[in-house]
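Biologist: I have the sequence and the fold open on my screen. Can we go through the structure piece by piece?

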Amino acid sequence: MSSLAKSENQQLRLDGKVAAIAGGTQGIGAATGIRFAQAGASVYVIGRDEARGASVVQELKNAAGQHSQGKTFEFIKADLSLVSGIKQVAKTLEEKAGPKGISYLVQTQGKPPNGKFGLNSEGHESHFAIQLLSRFALSYLLAESGTLKEAVINVCAPSGPGGTPPDAEDLEMIQANEKGQFGIIKCATRDSNVMDAVTSQFNTIYNPKGIKAYHIYPGFVATNALSNAGLPYPIVVLGGLFAPLLARTIGNTPTSYAEIPVYLAGNPKSRALGLEFSNEKLKPMKPSWLDEQPAKSKLVWDKLVGMVQQK
């Protein structure tokens, strides 16, 4: 956990602010929503599972306690694996939030790659669609409509100084799959590099309008991410055995990690610290290629815009 984030959040009050949490029905997303509610913000939880959504909404109300009056805590059911579903939830948020808008968008949807290639009903590679396209599309649509006001936090590992530009002509790795080069490591590398490009270009366009984007690495957080990803059973079992120990030593629980996205989004002091790309200890890890080859970030951005607009 970052001691800075926890310390700065102790007196944080976000009354009047509104947070939307994509992937907010479990793990990091649910914990982050609860931490926002504790600080006084209204919270929209976005996910697929209505039962989990209802449970989290009740936790939000409990967390807000005596400050819950006049606040909104609501679950929005959505399929973020489809562009059509993303457009629908963006429209719903715009209508529900009204002129006040959404102060903070936190995106935790998706899961680690499992190395399996497949296409969804819209023809997009399934992992790419939820892990990358949904994160880009929801933040892009909300920013373009004027609904998003202050910050978007993408919890998805930056590549660090050694990162490289992604192949903008094969973002979904369809050609790579045809060559037998679609695997867990290559997908994870692609995921990091694409989100680096998206974060950089988002800040180029929207930071002058007062909206900051962050791409943050969670490190090890004790969640169900491994089992949700459909990884081999032995990996899931080992993860379950060692997760509690790792969370207490080198990692985080969802509750302890939630301090970081709340700090970055809700604390104005964080905006000037250069933490747009950072890890679970709030150490900067910006890839050097973003400054050296900015045109490549724009190329990735333009490709993703095209995917959103053609549906």
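Biologist: In which helix does Val 308 lie?
Modeller: A word first: this is a predicted model. Val 308 has a relative accessibility of 2%, so Val 308 counts as buried. The helix that holds Val 308 is H13.

Biologist: Which residues does Val 308 touch, not counting residues up to four places away in sequence?
Modeller: Contact here means heavy atoms within 4.5 Å. Leu 171 is 137 residues away along the chain, and its C-alpha atom is separated from that of Val 308 by 14 Å. The residues that Val 308 touches are Val 83, Lys 87, Leu 133, Phe 136, Ala 137 and Leu 141.

Biologist: How many aromatic pairs does the structure hold?
Modeller: Rings pair if their centres lie within 6.5 Å. By that cut-off the structure holds eight.

Biologist: How are the rings of Phe 136 and Trp 301 arranged, stacked or edge-to-face?
Modeller: Planes under 30 degrees apart count as stacked, and over 60 as edge-to-face. The ring centres of Phe 136 and Trp 301 are 4.9 Å apart. Their planes stand at 90°, so the pair is edge-to-face.

Biologist: How many residues apart in sequence are the parts that Phe 136 and Trp 301 tie together?
Modeller: Phe 136 is buried, with a relative accessible area of 0%. Trp 301 is buried too, at 5%. Phe 136 lies in helix H5, residues 126-144, and Trp 301 in helix H13, residues 294-309. The parts they tie together are therefore 165 residues apart.

Biologist: What kind of pair do Tyr 206 and Trp 301 make?
Modeller: Their ring centres are 6.3 Å apart. Their planes are at 50°, so the pair is tilted.

Biologist: Which helix holds Tyr 206?
Modeller: Tyr 206 counts as buried, at 1% relative accessibility. With Trp 301 in helix H13, the pair ties together parts that are 95 residues apart in sequence. Tyr 206 itself lies in helix H7, residues 184-206.

Biologist: Which helix gives the most to the lining of the second largest pocket?
Modeller: That pocket holds about 310 Å³ of space. Its lining has 15 residues, and Asp 167, Asp 170, Met 173, Ala 176 and Arg 190 lie nearest its centre. Helix H6 (174-178) and H7 each supply at least two residues of the lining. With four residues, the one that gives the most is H7.

Biologist: What is the phi of Met 173?
Modeller: Met 173 is in the loop between strand S5 (148-155) and H6. Met 173 is buried, with a relative accessible area of 7%. Most residues other than glycine have a negative phi. In Met 173, which is not a glycine, phi is positive, at about 60°.

Biologist: Where is Leu 282 found?
Modeller: Leu 282 also has a positive phi, near 60°, and is a residue other than glycine. Leu 282 counts as buried at 8% relative accessibility. Leu 282 is found in the loop between strand S7 (277-278) and helix H12 (289-292).

Biologist: With which side chain does the side chain of Asn 252 make a polar contact?
Modeller: Asn 252 is in the loop between helix H9 (233-248) and helix H10 (254-257). Asn 252 is buried, at 2% relative accessible area. The polar contact, at 2.8 Å, is with the side chain of Ser 256.

Biologist: How many residues of helix H11 are buried?
Modeller: Helix H11 covers residues 259-266. Its buried residues include Glu 259, Pro 261, Tyr 263 and Gly 266. H11 is largely enclosed by the rest of the structure, because the buried residues number eight of the eight.

Technical notes: Residues numbered from 1 in each chain as written. Predicted model: local features only at pLDDT ≥ 70, side-chain atom pairs only at ≥ 80, totals over all residues. Heavy atoms only, no water. Phe/Tyr/Trp six-rings, centres within 6.5 Å; stacked < 30°, edge-to-face > 60°. Buried < 20%, exposed > 50% of the residue type's maximum accessible area, 1.4 Å probe, protein only. Polar contact = N/O pair within 3.5 Å; in protein donor to acceptor, adjacent residues only side chain to side chain. 1 Å grid on protein atoms, 1.4 Å probe; cavity = no way out; pocket = protein on both sides within 12 Å on 5 of 7 lines; lining within 4 Å. Points joined across faces, edges and corners; volume = space filled by probe spheres on them.
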